[in-house]
Amino acid sequence: MSVLLKTRVTAIGPEVADLAEGGVVILFADGSPPELAEVSVLHLTEQGPSDDAPQKGASITLGPVSATITAVGDTAWSKVREMGHVVISFNGATEAERPGELCASEIDTGALVTALTPGAVITIAA
């Protein structure tokens with residue numbers, strides 16, 4: 001399995017739990033503007049991001065929570081590469097609604113909220 005991105009959570013914005021309960025996680029690299037940090041999981045990349053975007057079927061793990069990528073928006077990976085930003089929707093959609101979105105299989109959102117803690121590792125692998 002090839003790691004496309006491995007990053008560590010550094011901070012959790014105060015509005016992240018509400019979004020995660022709805023199956024949405026917004027990643028933003030450390031140093032994001034304060035108004036974005038409120039809704040974001042801030043992170044520091046440890047490996048990657050790779051040149052090539054993940055494809056449908058790639059895995060994504062957030063701590064102990066695992067899912068399968070089901071769709072990749074047209075600009076999602078370039079935003080990851082440029083500014084460490086992406087919206088991950090755990091909705092099982094086969095087409096991304098927004099160009100900067102990664103869609104993944106549905107998961108237990110309660111487990112997702114619990115998994116999103118400083119120090120947690122997020123990995124996307126193919």
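His43 counts as buried, at 3% relative accessibility; buried means under 20% relative accessible area, exposed over 50%, and partly exposed in between, with a 1.4 Å probe and protein chains only. The model is predicted: local features need pLDDT of at least 70, side-chain atom pairs count only at pLDDT 80 or more, and totals for chains, interfaces and linings use all residues. Residues are numbered from 1 along each chain as its sequence is written, and side-chain values use heavy atoms, with hydrogens and water left out.

- His43 lies in strand β3, residues 41-47. Strands (E, at least two residues) and helices (H or I, at least four) are DSSP runs, numbered from the N terminus.
- UniProt, in an unreviewed entry, places the feature "modified residue: Phosphohistidine" at His43. UniProt positions are in the numbering used here, feature names are shortened, and annotations may be inferred rather than shown by experiment.
- Residues up to four places away in sequence aside, His43 touches Thr7, Arg8, Val9, Thr10, Leu27, Phe28, Ala29, Asp30 and Gly84. Contact means heavy atoms within 4.5 Å.
- Strand β2 (residues 24-29) runs parallel to β3, and three bridges join them. Two strands pair if DSSP finds at least two bridges between them.
- Ala29 is the residue opposite His43 in β3.

**Thr7 and the β1-β3 pair**

- β1 pairs with β3 in the antiparallel sense, over six bridges.
- Thr7 sits in strand β1. Thr7 is buried, with a relative accessible area of 0%.
- Thr45 in β3 stands opposite Thr7.
- The Thr7 side chain also reaches the backbone nitrogen of Thr45, at 3.3 Å. A polar contact is a pair of N or O atoms within 3.5 Å; within protein, one must be able to donate a hydrogen and the other to accept it, and residues adjacent in sequence count only if both atoms are side-chain atoms.
- Not counting residues up to four places away in sequence, Thr7 touches residues including His43, Leu44, Ala120 and Val121.

- Side chains alternate along β4 (residues 59-62). Ile60 and Leu62 point to one face and are buried.
- β4 and β5 (residues 65-72) pair in the antiparallel sense over four bridges. Ser66 in β5 stands opposite Thr61.
- Two residues separate β4 and β5 in a hairpin, and Gly63 in the turn has a positive phi of about 60°.
- β4 also pairs with β8 (residues 121-125), in the antiparallel sense and over four bridges. Ala125 in β8 is the bridge partner of Ser59.

**Nonpolar core**

- The largest nonpolar core has 29 residues, and Ile60 and Phe90 have the most contacts inside it. Such a core is a set of buried Ala, Val, Leu, Ile, Met, Phe, Trp, Tyr and Cys residues joined through side-chain atoms within 4.5 Å.
- Not counting residues up to four places away in sequence, Ile60 touches residues including Val65, Ile88, Phe90 and Ala104.
- Ala104 is in strand β7 and counts as buried, at 1% relative accessibility.
- The C-alpha atoms of Ala104 and Ala93 are separated by 7.1 Å, and the two residues are eleven apart along the chain.

- Helix α3 (residues 76-83) has Ala76, Trp77 and Val80 as its buried residues. Seen down the axis of α3, they fall within an arc of 95°, so they line one face of the helix. The arc is that of the directions from the helix axis to the C-beta atoms.
- Those buried residues pack against β1 (3-12), β5, β6 (86-89), β7 (101-104) and β8.
- Gly84 follows α3, and its phi is positive, near 65°.
- Leu112 belongs to helix α4, residues 109-115. Leu112 counts as buried, at 0% relative accessibility.
- Leaving aside neighbours within four places in sequence, Leu112 is in contact with Ala20, Val25, Leu62, Val65, Phe90 and Ile107.
- Leu112 and Pro64 are 48 residues apart along the chain, with C-alpha atoms separated by 8.6 Å.

**The loop at Ser50**

- Ser50 is in the loop between β3 and β4. Ser50 is buried, with a relative accessible area of 16%.
- Leaving aside neighbours within four places in sequence, Ser50 is in contact with Leu4, Trp77 and Arg81.
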